[in-house]
Amino acid sequence: ASVDYVISVPAGASVSLKSISGDVSVTNVKGEVRAETVSGDVNVSGTPNVAIAKTISGDVTAQNIGTQTTLVLSTISGTVLGTGLKVRALEAGTVSGNVRLVGSEVERLEAKSVSGSIEFDSPLAKGGRYEFTSHSGNVRIMLSGNTGFELDADTFSGSVRSDVPVTLRAVGRTEQGRRGSSRAIRGTHGDASAFLTVRSHSGSVIITKK
C-alpha cells in the first residue's frame, strides 16, 4: 500500500518536509522552505524563500523560485534542473547525473557533477562569481547579455573552446599555452566584471553566446 499526503498551509508559513521513500513537491509557499527526501524526486516552484531542495536518489527540479541567502539544490543519483531562479547564491550538485540551469539570475554559483554534464544558459551578473566543476562530463556555458568576464578554464583530457572572443593572457607553460591551448583558456572578455572558473577532468568545455 502507498499513501499520498496533500497539505495546505498559510502562504506565509515556513515549511520543512522530509521523506524516506517518496516524492516531495512544494508550490506557492512564501515562507522559508526546506524539502528533502532519500528516495524520490523533489520539486519546488513559485516559492521565493527556498533554502534546500535535496534528495539522495532522484531528481531535483526548481522553477521560478528565489532566496536572499543561499539556495542548495542537491542529489546523489539524479539530475538537478533550475529554471527561472532569482537567487543571491546557488549551490547545485550531483554525483551521478547532470546539472542544468536555465533563464536564471544568480550572483554566486557553484555547480558540480562527478559523472555528468553541466549546462548554464543564463546571463552573468556584474561582479558575479561562477564556478563549474565536472569530473567526467562536459561543461557548456551559453551566455546572454553584455556582461564581461574573466575566464579561467581547463580540462585534463578534453578540449576547451570559447566562441566568445577572449583576450588571452600567458599561462606560463609552453608557447602553445601562451597562444591559448586547446586544453586551457585564461583571459578576459569585455569589462571582465564577472569571474568564471571552469574545470573538467575528462570532458570538454564550451563557452558560447546566444
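**A predicted sheet, its pocket and its salt bridges**

D152 counts as buried, at 15% relative accessibility (buried is under 20% relative accessible area, exposed over 50% and partly exposed in between, with a 1.4 Å probe and protein chains only). The model is predicted, so local features need pLDDT of at least 70 and side-chain atom pairs count only at pLDDT 80 or more, while totals for chains, interfaces and linings use all residues. Residues are numbered from 1 along each chain as its sequence is written, and side-chain values use heavy atoms, leaving out hydrogens and water.

The side chain of D152 meets that of R199 in a salt bridge of 3.3 Å, N to O (a side-chain nitrogen of Lys or Arg within 4 Å of a carboxyl oxygen of Asp or Glu). D152 lies in strand β15 (residues 149-155) and R199 in strand β19, so the bridge ties together parts 47 residues apart in sequence; strands are DSSP runs of E, at least two residues long, numbered from the N terminus. Salt bridges with shared partners join D152, D154, R186 and R199 into one network. R199 is partly exposed, with a relative accessible area of 27%.

The count of salt bridges comes to 10. One of them joins R100 and E119, with the closest N and O atoms 3.2 Å apart. This pair links distant parts of the chain, R100 being in strand β10 (residues 99-102) and E119 in strand β12 (residues 118-121). Another is formed by D191 and K126 at 2.9 Å, N to O. Here D191 sits in the loop between β18 (184-189) and β19 (194-200), and K126 in the loop between β12 and β13, 65 residues apart. D191 is partly exposed at 44% relative accessible area, whereas K126 is exposed at 59%.

Next comes the sheet. It is open and mixed in its pairing, with 11 strands in the order β1-β3-β5-β7-β9-β11-β13-β19-β15-β18-β17; two strands pair if DSSP finds at least two bridges between them. Its edge strands, β1 (15-21) and β17 (167-168), each pair on one side only. Within the sheet, β11 (residues 105-115) and β13 (residues 129-134) pair in the parallel sense over 6 bridges, and T133 in β13 is the bridge partner of K112.

Strand β1 also gives the most to the lining of the largest pocket, with 5 residues. That lining has 20 residues, of which Y5, I7, L17, D23 and S25 lie nearest the pocket centre (on a 1 Å grid over the protein atoms alone, a pocket is an open set of points where a 1.4 Å probe fits, with protein on both sides within 12 Å along at least five of seven lines, and lining residues have an atom within 4 Å of a point).

Definitions and conventions
Helix = DSSP H or I, 4+ residues; strand = E, 2+ residues; numbered from the N terminus.
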